[in-house]
Amino acid sequence: MKSHVRVAVIGGGVVGCSVLYHLTKLGWKDVVLIERSELTSGSTWHAAGGFHTLNADTNMAALQGYTIQLYRELEEISGQSCGLHHVGGVTLATTPERMDYLKAERAKHRYMGLNTEIVGPEEIAELSPITNTDGVIGALYDPLDGHLDPSGTTHAYARAARQQGAEIYLRNPVHDLKPRADGGWDVVTKDGTITAEHVVNAAGLWAREVGAMAGVFLPLHPMEHQYLVTGDIPEVYERETELPHVMDPTGESYLRQEGRGLVIGIYEQACEPWAVDGTSWDFGHELLPDKLDRIAEPLEYAYKRYPVLEKAGIKQVTNGPFTFAPDGNPLVGPVQGLRNFWSACAVMAGFSQGGGVGLTLAEWMIEGEPSRDVFAMDVARFGDFCTRAYTRIKVTENYQRRFAVSYPNEELPAGRPLDTTPAYSLWQKHNPVFGQGYGLEHVNYFAPQGETAFETPTFRRSNAFDTVAAECRAVRTAVGINEIHNFGKYIVSGPGAEAWLDRIMAGRMPAVGRMSLMPMLSPKGRIIGDFTLSRISEETYQVTASYGAQAYHMRWFEMQLPRDGSVVLENVSLDRIGFQIAGPKSRELLSRVTRSDVSNASFPFMSARAMEVGLSDAYVQRVTYTGDLGFEIYVPVRQQQALYETLMAAGMDLGLRPFGMRAMMSLRLEKSFGSWLREFKPDYMPAETGLDRFVSYNKPVDFIGKAAALKEKAEGPARRLCTFVVDAGDADVWGDEPIWIGENVVGFVTSGGYAHYSERSVAIGFLPVSLVEEGVSVQIEILGDLRDARMIAEPLFDPKAERMRG
């Protein structure tokens with residue numbers, strides 16, 4: 001056993017072996033894998049072995065496609081069979097809502113290059129004659145779906161990694177992890193201590209325990225999962241070709257051929273978290289006791305969907321644990337607060353996602369960043385709000401919803417409310433409909449008094465449509481009030497603050513009392529932050545961005561902080577909150593509650609200053625995401641209620657009305673304002689998104705990503721973000737819809753919706769530069785229908801920004 005290595009991967013399941021293989025493939029050879037028992041000794045050995053590309057996140061779907069296409073290459077390199085069965089798969093729809101979902105997924109696949117198709121009941125019957133299509137409207141067919149041999153595939157990764165220089169140490173449990181001053185780790189094992197520059201936690205069922213050795217809690221939990229293997233069935237083994245997979249979401253089941261019989265698995269509502277207090281180190285090749293009573297109802301439904309099951313005996317019942325994160329996606333990447341400690345766990349669909357996870361982590365470790373936006377599986381999408389109880393409850397909900405339709409406007413109920421502000425109780429008298437992001441409650445809209453405070457989940461316009469329209473009109477014609485708690489907020493101070501911010505941000509540093517819009521770029525020039533930076537004093541700044549990106553941004557900040565103590569960084573996201581007021585009467589409202597001069601001459605657009613507001617010493621910024629005249633007013637959290645009372649009393653005769661996030665996102669569309677993780681994310685660069693106007697290319701500082709940004713500017717982008725008005729029906733775009741010209745998909749939508757005040761359906765999306773021309777006609781596919789759309793060059797509201805700046 002080596003005493004010093006570059007990387008120690010802990011865990012010998014399919015994910016750990018994939019990480020090991022990809023590290024060697026990308027050039028790091030001094031890597032080892034440490035396994036407590038034998039390879040596949042956790043969840044891998046008893047997995048059903050299915051794989052598929054369907055995922056709500058397009059980059060996750062692409063990585064799943066990469067994983068599936070990797071297996072042939074892996075077989076050739078290793079000489080080890082993966083036992084591949086590329087049989088295709090159909091996902092059934094028995095409701096119009098499910099059909100909308102499948103049509104939306106099919107539309108995404110068009111620009112991703114995935115060759116899925118919508119099929120009808122007759123085609124389903126041809127593909128899978130054993131499937132009873134009664135009540136089935138249609139299905140999504142994916143030719144890439146299939147299954148494999150879990151053990152053979154894991155050993156293929158391991159053999160290929162060994163051939164490329166890696167070593168694997170079996171029957172050698174890790175007892176402790178000790179951080180070193182140089183950023184490395186002492187990995188204490190049964191057979192001795194290995195000093196590693198990097199440690200990867202790919203421990204699967206034991207990932208919580210390995211994380212605890214490093215002093216961190218990882219939000220994942222194991223769940224029991226059961227599948228059945230039948231005896232021989234003539235309708236199966238007498239076929240010339242293998243049956244495709246069939247996913248029946250209504251019945252909470254999946255089915256595939258296994259030799260001369262079938263495998264049927266159930267994601268039941270009466271599910272059970274496993275090993276709540278931790279996974280025993282002695283657990284491994286055991287299975288859990290059968291609990292068929294738990295799946296009796298969905299199993300009965302399955303016998304109706306697949307009548308041949310009535311003729312077959314049950315040959316085997318498998319009940320084994322798998323780990324899940326609260327949203328069902330993996331936890332991958334560097335763990336905030338630790339140096340060189342990496343996560344590759346909670347990969348519940350290991351044979352769909354394991355290759356993509358391995359590739360992503362290897363790129364991140366070796367090249368400094370992944371080749372695409374992987375926030376959907378970044379471990380930093382969860383923060384310290386994620387308690388053990390919250391994790392367990394959300395994991396249970398996710399398991400129960402494994403086959404549920406994912407509506408773009410749906411707010412899931414489990415684990416709520418968790419984090420709230422003082423305004424949470426203040427809003428109650430306004431009949432709020434709350435959403436949640438990053439554990440924090442926020443108002444989506446205020447339902448009319450007497451109506452149920454619930455938004456119907458849908459792909460189409462919801463019951464909130466008219467109410468959100470009224471909130472938008474209140475902002476544009478009078479004044480609206482909205483909470484500003486859901487920004488990530490940081491105070492950066494110290495003698496080195498200016499130089500540090502100037503290096504990590506790509507924009508121009510503001511003077512005291514002024515603000516700047518600041519892109520933050522990765523070394524490769526990709527957008528990793530969209531910030532507003534205000535200078536409070538010579539050495540103190542307030543930095544604001546997306547609330548849900550706190551751990552993501554704090555991780556990056558901490559990696560870049562100088563070690564000489566010249567910069568002090570504080571996350572004040574829930575300590576410094578307040579309200580924004582926006583609309584033509586917002587200045588009048590603010591003037592009533594402050595002694596300061598807030599006229600345009602004294603307090604122009606993009607100014608920021610401390611002032612008295614009511615009883616509070618507030619910090620006020622002359623900016624608003626609504627694109628209107630407006631102000632953000634920040635106070636200490638303990639004074640939020642006082643600020644609310646002050647503003648509401650002073651604004652009553654001005655028509656002051658609360659508005660929620662649904663209205664905010666509608667209003668920003670009228671200004672063609674981009675949104676984090678939609679228009680601005682690590683897949684994109686400044687010039688193609690329009691953020692280049694905020695990049696200070698000529699500033700003398702060699703800011704992070706400068707060389708790549710200059711290269712993009714010199715060469716010119718291949719595509720650009722554009723805004724379109726759409727001839728929509730009862731459904732607007734949400735994001736990821738393909739953009740057509742003639743018979744060709746030429747671009748895709750990043751986000752959109754209905755701009756209520758302008759009464760236009762709006763889409764923002766990418767087109768090739770050669771096609772960007774005001775008025776160009778395109779079609780956008782919405783739920784399977786091609787809708788005419790036209791590119792516009794100016795915002796729908798206040799195109800000259802006269803009101804916003806006036």
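## Aromatic rings and their partners

The charged end of Arg719 lies over the ring of Phe766, at 4.5 Å from its centre, where a charge counts as sitting over a ring if NZ of Lys or CZ of Arg is within 6 Å of the ring centre and within 35 degrees of the ring normal. In like manner, the charged end of Arg36 is placed over the ring of Trp206, 4.2 Å from the centre of that ring.

This is a predicted model, in which local features need pLDDT of at least 70 and side-chain atom pairs count only at pLDDT 80 or more, while totals for chains, interfaces and linings use all residues. Residues are numbered from 1 along each chain as its sequence is written, and side-chain values use heavy atoms, with hydrogens and water left out.

Rings of Phe, Tyr and Trp (its six-membered ring) pair if their centres lie within 6.5 Å, and planes under 30 degrees apart count as stacked, over 60 as edge-to-face and the rest as tilted. By this rule there are 31 aromatic pairs, among them the two in the table.

| Pair | Type | Centre to centre | Angle between planes |
|---|---|---|---|
| Trp185 and Phe341 | tilted | 5.4 Å | 50° |
| Tyr267 and Phe403 | edge-to-face | 5.7 Å | 90° |

Because Trp185 lies in strand β10 (residues 185-189) and Phe341 in strand β18 (residues 341-345), their pair ties together parts that are 156 residues apart in sequence; strands here are DSSP runs (E, at least two residues), numbered from the N terminus. Ring pairs also join Tyr267 and Phe403 with Tyr254, Phe324 and Tyr399 into a cluster.

Notes. Helix = DSSP H or I, 4+ residues; strand = E, 2+ residues; numbered from the N terminus.
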